[in-house]
Structure formats: C-alpha cells, structure tokens
Amino acid sequence: MDLILVNLIDGLVTGLLLFMLSAGLTLIFSMMGVLNFAHASFYMLGAYFAYQISLYLGFWMGLLIAPVIVGIAGAGVERYGLRRVHQYGHVPELIFTFGLALLIEEIVQFIWGKNQMPYSPPEILQFTLFSIAGNAIPAYKIFMICMSMGIFISLLFVLTRTRVGMVIQAALSYPKTVEALGHNVPLVFMGVFGVGTALAGVAGVIAGPVLGTFPGMAFLLGSIVFVTIVIGGLGSLWGALVASLLIGWITTFAASYNVAMADILMAVGFEQPIDLSESAWRDLWSLTLPQIGPILPYLLMVLILVFRPYGLFGKRDV
Amino acid sequence: MTQALHKSTHAPQGGITLASAMPWIISTVVLLVIPFVFTSNSAITIMNQMAITIIFALAYNMLLGQGGMLSFGHAVYMGVGGFMCVHVMNYVEDYSLPLPLPLLPVFGGLFGLGLATIVGSFSTRKAGTVFAMISLGVGELIAACSVIIVVFFGGEEGVSGDRTYGLPFFGVEFLHQIEVYYLIVFWLILSALLMYLFSRTPVGRMANAVRDNPERAEFLGYSARWVRFFSFCASGFFCGVAGGLFAINYEILTEENLNLVQSGSILLITFLGGVGFFFGPIIGAIVFTLLSTVLSLQTELWQLYVGALFLATVMYFPGGLAGVIMMHWPAFRLGNARMLVLPYIKTFIPCLIGILGTAALIEMIFHLRHGAVGDEEMTLFWTTFNVHAVLPWLIAIAITGAAFWLTRRNIPEVVDAWHRANSLPGAAT
Amino acid sequence: MSAAAALQLEGLRKSFGKTEIIRGVDLSIAKGERHAVIGPNGAGKSTLFNLITGRFPPTGGKVRLHGQDLAGLAPFQINRMGLSRSFQITNIFPKMSVFENVRCSLLWAKGYRYSFWNMVSKSRDLTQAADAILEQINLTERRELPAGVLSYAEQRALEIGITMAGGADVIMLDEPTAGMSHSETDYIVDLIRQVTENKTLIMVEHDMGVVFGLADRISVLVYGEIVATGRPEEVRANPKVQEAYLGAALEAEH
C-alpha cells in the first residue's frame, strides 16, 4: 500500500513532466498542423541553458531566464525556418523539424560535449520532505509537481479566460476567419510556437537535475512525448493530460513491480521447460514486467491506433 | 535492340526504348568496371556499403517520394530482413542445406514483406502525420524488443553468422570482398530495375496520384488506403533485400540496425538526394556514404555539418540534389547551359570558400573549447597554428567575410544569367 | 419510374451539429436525363453532391444508384458502380502531367485494379484511350505539361475529362463553369454536351444560360428543400421559384 503511494507520486512527477512537453506540442500541432519533432530538443536546450545560467546566477535565475531564451529561439525557428518550409506542405515540415532535432543535438554536443552536465537541484530543495514507510520523498519532487500543476492551471486560464486565449482558440479552428477579422495569424502562430517551446524549456529546466542533462536526453524523452499525444488524440489538450499521467503511472508501476512471466505462465498451467536455455521460448519465460516497462507506451500506442485511430480524446482523425 | 529502336519511332510512350535503357546499361557497365579502377579493399568496402544503402534508399523513396508517406521507423524492415538472413545463414551452416548464398536476400525480402504486410494493414489507413507517428511507434517498439527477444535479435551483441559455409555458387565461396561486391551489384541492379518498373505499373502510378490528391483518387475508383498498402509492402520487400545484403556483407546485425538513428539517416539520405526523381536516392546514398566515410576521417564534427546541410536542403532545395540537377535541364535543352558556367564559377567558388571558412572557425572554436589542456596546436587545411593566438582567428574571419561578401555581390549576376538561360532565344521577356 | 431511375434520393437529410443543411430531399433522375440543380448560395447544393457521392455520410434517408442503396459505401466503391463526379474547386493531380491525369482516371475502368505486373506505358489501348480523351477535351497540345500549370479553364476542362474518362454512366458536375469568361463557358458547355451523350448528367450550376441550354429537367433547391422540379419552361413559370430565386436571376439574364 505504501509502495503504491510512492509510485503514485513518482508516476505523477513523470506524467506531469510529460504533460508539459505534450501540452506545448499539442498546442502547436492543433494550431499549425505541424508535429514538432524537435520539441524535445527545446526541452534539452532548456536544461542546458539553465545549467549554464545556474553556474553564474544560480538555479532560480536559470528557471526564470532559460525558458524565455528557449521560447525566443523557438519563435525564431518558426519565423525563419518553419514559415518558409510551410509552403511545401506538411511532410517537408515534419522533415524540417526532424532535421532540426538532429542539428540541435549536434550543436549541444558541439558546445557542451558528450558528457552529462553536473546540473543538480538547488540546495534549498535538497532535503527529504517526508517519507512513506522508509521511502524518502525529496522536496524537489514535490516542487516539480507544484510547478507543473501551476503551469497547467495558468495555461488553462489563459486559453479559456483571456482575450488572447480566445483568439488562439479561434485561430485553431478557423485560421482564415480569424485573419479576416484583423488578427495577425502569423504572429499568433509564432507566439504559440514560442510559448509551446518555452513550456518545453521549463520542463527541461526542472527535469534536467533529476533525469540528467546530456545530449541524448531529447531523443530519450522525445519519442515518448509523441506516443503520448498520439494516445491522447492529436490536438486534444485533455487527451494529452490524461495520456501523460497514464504513461507516467504505467511506466513507474511497471518498473517497480517485478512480475515475472514465468509465474503467470505457470499459474495459467504451462510447464516450465527443464532446459530453459535451449528452448525457443526462453525469452518469454524469462520476461519480467520491469523489462517490458519501457516498451509499454509504444505497445499502448499501436493498440490504440489499431482500435481507435484518433486516440483517446481526439475528435478528428487528422 | 533494333526492335527497340524501331519501336521508339512509333510509340514515344511505349515500352523499352534505347533512350530509356541507356542509363541502365551505362550504370551496369560502370558498376562492373569500377572495382578495376578502385582496387583497394577499403574502396570496395565503401562501395559495398554504398550499394546496400542505394537499395535501401530507393525502397524508402517508394514510400516518401512516390507515395507521399513519411516513415520514421523504416530501418526496422531492413533490419528484420537482415536478422532473418543471418539466421537462415546459420541454419544453412548447421544443417548443410543446399542454399546458395546469392539467393539469401530473397528471404530477407520475404520477411521484410511479411512484416510490412502486418504493419501496413493498420498504418496505411492515413498518410501524413498519423502514418509518420505509427511508423515511429512501431519502429521504436521493435527496436526496443530487440533487447528483450534475445532468441531472434541476439540481445546487445546481436547475431552473427558466416557467409562462407553455404553451398559454393559456381565455385565461388564468397571469401573475398570483391566476390561479395559482385553479388551485391547483381541485387542492386535487379532491385533498382524492379523498383523502377514498379513505379510504371498501374498501382505505382496510382501511388503518385494518391500522394498528390488522395480524395480525387478515391473518386476515380481507387481506395487510397489499398494503394498505400501495396506501396508499403513493396517497399518492405526491397528493404528486406537490402537487409539480406547487409547480412551477407557484414555477417552481423545488432540493435543499431533497427533504431531511430538508422531510420533517421535513411530519411536524411533520401531527402538529400531528392525525393522527386527516381535517381535522387541513388545520388543521396553515394554522397552520404562518401561524406560519412571521408568527412568522418577528417573531423569529429561531421554530423554537425551533415545536419546543417540537411536542414539547408529542406529549407532551400526541397527537391534535393536531384532537384538541383534537374532544374538545369530546361537551360541545357535550350543550349544555354554555357551561359551559366562563368557566373556559377564567380559565385560558387567564393561561396565554397566562405563555407569552408565557417567550418574552419567552427573547428577552431571546438578545439578551443574541448581540446586537451596544453594542446594549443591544431592543423586545418594543411596549416598548423596555435588556436590561442589572435592572428589565425583574424585571418579565418577575414577570409570567410570576404568570401561571403563576394558571393553576395555576384548573386544578381547568377540570377540574371539564370533568367537569360531559361528564356527562349528571341523571346520578348 | 423508380426501377429505371439512374439516381434516386429518398428523404435525404444531413445535419452538421444542430444545423440541418439538407432537409428531406426526394428526387428521381431517369437514365439519360440531363438534370440541373439550381438554388441560391448556401442552399446545400454542394452538400447534396457530397452526400450522393459518399463524401459525407447522410444523417437520414437513402440514395439509390440504379436501384442499389449506397448507404455506407466509400467514394471509391460508389465510383466503381458507375457514378463519377467533378468538384467545385478544381481537384486534379497538379504534379502529374495532363496525360497522366487522364490515364490514371482510366486505370480502374480498364480493369487494371491494383496490378503491379502490367506496365502502363506498354498498353496501347490505355494510351490511345487517354489520347482520345485529351483530343475530346482539346488538351492534346498540353499533354506533357504538369496539370498544375494549366490555365483555369483548361484545368476545368481536364477536371471534366477526368470525371468522364472512367466511362461512368452517371456524371455529376459541380459548377463546371464557375469563374469562367463567356467564351470559355461556351467551350465547356459544348464539351459537356458532347461527353454526356447517352449518359445521365446531374449538375449544379449558377449560370442560367448554361442551365437552360443544357438541362432536360431542373430542380430548385432552397434551404435544403426542393421547391420545384420540372422541365425548364415549367420551372421558369413556377411562381414559387420566381419568388424564391429565379426572379432576380432571370431579370439579370435579359
């Protein structure tokens, strides 16, 4: 029971972190029809920038400044790159963002090298807030949860309660009409892209100290983020939230419960082969839940796409 | 051949003509002769790799260029075909089966086809983003499975075999690289020809139509989904063939043959070469293999350059190298290509110098930042200098700046020459 | 009438959200008839077309083609049963050559299906048929050009060529002359008359000259309902139609 609670918290941290990325990605996708492959790269940039800033000004300034720089970089990418490629169609756009992801990884390696950066949580948060049955819950984890929640709530507020949010929501469905009404849609697009990437930047700043700040962090998280928004339904913010939490919890629980396939098979009534190393089914027998944990999101995605092609909450199949 | 000639006068659209067969004949001859020109072992190794990449890139372009489907997980079809072939190879060895090695790629192809049939049955429902996402998910899934399903994928060390234990093929045992080269070339020509012919069949033509306008194709009686499905299967088959050849050439396959890096580079290769023309991926594969082998010997940063080149291609030359070449076709036909030579030389040489200068600056920064402590010397373009001194920096910046300034100044001339070369003689505009 | 009808609509309805666009359309079009659907903007003419051809599923009612119910069929299946349509916004394959556009539209009808063992260029029959259509739509000189670079009128002609190439016996044209000059319109009208010889034609059109020149019968669609159907002179005389729509248009005609 206690373990469940610990896992719930860990899963929530992962899930909310995923959500910060998938929320920006979803916003960008539903507005521009572009799936930003480089989204996780902006997350990585966030971590690296924050690390660099924290060397001079400390963690909190990093948290404040890094996302802004990432957002500006994102807006620049939209303005000078994506807008140009847009005329060729969606597939070249996707290829462009893919190339951008590659290039950002190379640039990060160029500047910071291949090793992990010694980026760590601020000292003020390096203590155990409380512990559940011997499992210490560091304050930083709770801080991450609070940050993500705060961002989610303010995003929701901006989108549903403010004028800008109204324009964005309208531009999502009827870009032409909104443009005809005198709103500068390209500017809105650029802004949304900037905000979306800045959100990814925030995620990078707060996740970097925990998950590690290294050049592979973008691709490691990137494909999971795509899986998340596909499961949630492309273009659905609620879908992104539900799917993020779902994946957060699934992977956390799968990693901590050592359920062996052999036990299941024997429970069903199969008999374990005597000489396991020779059997063609030895992989099946030696399978454990933590082993398949990392691939569960992909499995889930494929299943969802087969049986519900527009995702859990998607309305249209794009 | 006389018959073909005869036919060409009557049916400009019809069957095989000498003109349409010529590129095939020339490339076959070149492929057969080239090992006598580049005889070193390393050259043949590179050429083997190139030929395999060409097949893979052509197969990939059946989807991307001809069917408009962007796959982020296509390494899987080549990889799985390759793994299968290694297993068949070992099976042949263990049970002394009478299977000659040159037939092995067929198994790779069939396995690639089988996998593509399964995945395609649900992934080809939509093109565009959804297809791309499914391909990514399936690709990652299978790549991740490779560590779990050790029986088939061999875990982290992969599976390996020995090609020489098979039945000798007319006395050839494939002990030498050069024998493998001719085996690969045989499959290269065969698969390229088949893929080309596929694009000329009704379903191949409709793949183009579905790419351009799936809705219209549906109102012409074709199900866009089925058309995509057939392209996908065909592509899977040829990826599998490429995988089989990979297995024969390297005798080992690992997780690296399946992962996103591999899938990404085939996209990069194909796009760099140009998706709009059949020969585009061939150019892409040749250029990329050369870049990755030659450039990687010169600099640690080659992937950075390739990434930048790729992004520049997407932004400025969406037709890739093949597109750039074919852009000059009208001027060439008008007999005006000569008008472009001088302006090109005057612009592109400074431009090249500027790019090299930028690269030099990048290398210097990299050396300054990541070089070992005390290692202040570096060698660039056959000159050795101290990175911590000011002078080399000034020189590099001056040359780069001047070169780009010269490029910029000469661009109007190129634009002008371009317009003149592409207008009919005596035309009013 | 019902058994012989080429196309029959029974109580066809379509709503988008709460808005009902098509409110119960009953219509029967006989074999070989040239039928025009007219009506003011927003009357639902294009929606009606999309319902018939399977682009949208109807909310209620039935569409029968040669007596067969089309419910639940995809556009390509409906096309294979002999119904072909053009689009209001030109809908061709812009990157492929004009010739290829036409050839693609012939493939299914000529029985090639999903063949990957025939070479399209080897089939003399296919090439000749495509060339004949190019001749008919007067685009032989444009044969090798990418369809996207043709002039608007030429693209419209190609659109009609593609639509009728498959040999469908029920042809639906959505505003074939929209946005054309007078001479271009005359050319297209001649073309339509020519290619729909012995076929059933259903078209949506705004140009009253075209409608009265081509159609055997006319239906007037107003706010998703057919207010009148009949021969051109009957429709012209119908006071309801004059009130709803034709009055202004006819005055403009004369």
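Tutor: One definition is required at the outset: helices (H or I, at least four residues) and strands (E, at least two) are DSSP runs, numbered from the N terminus. Please also bear in mind that this is a predicted model.

Student: How far apart are the end C-alpha atoms of residues 49-73 of chain A?

Tutor: UniProt, in an unreviewed entry, lists residues 49-73 of chain A among the spans with the feature "transmembrane region". In the model this span is 96% helix and 0% strand. The distance between its end C-alpha atoms is 12 Å.

Student: What is the corresponding distance for residues 288-307 of chain A?

Tutor: Residues 288-307 of chain A are also one of the spans that the unreviewed UniProt entry gives as "transmembrane region". The model makes this span 80% helix and 0% strand. Its end C-alpha atoms are separated by 26 Å.

Student: What radius of gyration does chain A have?

Tutor: Chain A contains 14 helices and two strands. For its 318 residues the globule rule gives 20 Å, and the value for chain A is close to this, so the chain is as compact as a globular protein of that length. The C-alpha trace spans about 75 × 45 × 40 Å along its principal axes. The radius of gyration of chain A is 21 Å.

Student: At what angle do α2(A) and α8(A) pack?

Tutor: Helix α2 (residues 39-57) and helix α8 (residues 185-211), both of chain A, have axes 7 Å apart. α2(A) passes α8(A) in a right-handed crossing, and the two helices are therefore oblique to each other. Their packing angle is about 50°.

Student: How many charged residues does the contact of α2(A) with α8(A) have?

Tutor: From α2(A) come residues including A:F42, A:Y43 and A:L45, and from α8(A) residues including A:A200, A:G201 and A:V205. The contact holds twelve nonpolar and six polar residues. The number of charged residues is therefore to be read from the remaining class, with Asp, Glu, Lys and Arg counting as charged. In this contact there are no charged residues.

Student: Which element gives the most to the side of chain B that touches chain A?

Tutor: Of the two pairs of chains that touch, chains A and B have the most contacts. Their contact takes 43 residues from chain A and 38 residues from chain B. On chain B, α6 (128-148), α7 (150-153), α12 (260-273), α14 (302-316) and α17 (337-370) each supply at least two residues. With 14 residues, the element that gives the most is α6(B).

Student: How many nonpolar residues does that side of chain B have?

Tutor: The side of chain B that touches chain A includes eight polar and three charged residues. Its nonpolar residues number 27.

Student: At what angle do the axes of α4(A) and α6(B) cross?

Tutor: The axes of helix α4 (residues 90-112) of chain A and α6(B) come within 9 Å. A:H90, A:V91 and A:L94 meet B:G128, B:T129 and B:A132 in this contact, which has three nonpolar, three polar and no charged residues. α4(A) passes α6(B) in a right-handed crossing, and the two are therefore oblique to each other. The crossing angle is roughly 40°.

Student: Are α3(B) and α12(B) roughly parallel or roughly perpendicular to each other?

Tutor: The axes of helix α3 (residues 41-67) of chain B and α12(B) come within 9 Å and cross at roughly 80°. Residues in the contact include B:F56 and B:Y60 of α3(B) and B:I266 and B:I269 of α12(B); by class, six are nonpolar, four polar and none charged. Because angles of 65 to 115 degrees count as roughly perpendicular, α3(B) and α12(B) are roughly perpendicular.

Student: From which element does the largest share of the side of chain B that touches chain C come?

Tutor: This contact takes 26 residues from chain B and 32 residues from chain C. On chain B, two or more residues each come from α8 (177-199), α9 (202-212), α10 (214-218) and α11 (224-250). The residues on this side are eleven nonpolar, nine polar and six charged. The largest share, eight residues, comes from α9(B).

Student: What radius of gyration does chain C have?

Tutor: Chain C has nine helices and ten strands, and its C-alpha trace spans about 60 × 40 × 35 Å along the principal axes. A compact globule of 254 residues would have a radius of gyration near 18 Å, and chain C agrees with this. Its radius of gyration is 18 Å.

Student: How far apart are the nearest C-alpha atoms of chain A and chain C?

Tutor: Chain A and chain C do not touch. Their nearest C-alpha atoms lie at a distance of 13 Å.

Definitions and conventions: Residues numbered from 1 in each chain as written. Chains lettered and ligands numbered in written order. Predicted model: local features only at pLDDT ≥ 70, side-chain atom pairs only at ≥ 80, totals over all residues. Contact = placed C-beta atoms within 7 Å. UniProt positions renumbered as here; feature names shortened; annotations may be inferred. Axes fitted to C-alpha atoms, helices over the stretch in contact; angles between N-to-C directions. Parallel < 35°, antiparallel > 145°, perpendicular 65-115°, else oblique. Left-handed = near helix turned anticlockwise from the far one by under 90°. Rg over C-alpha atoms; globule rule 2.2 N^0.38 Å.
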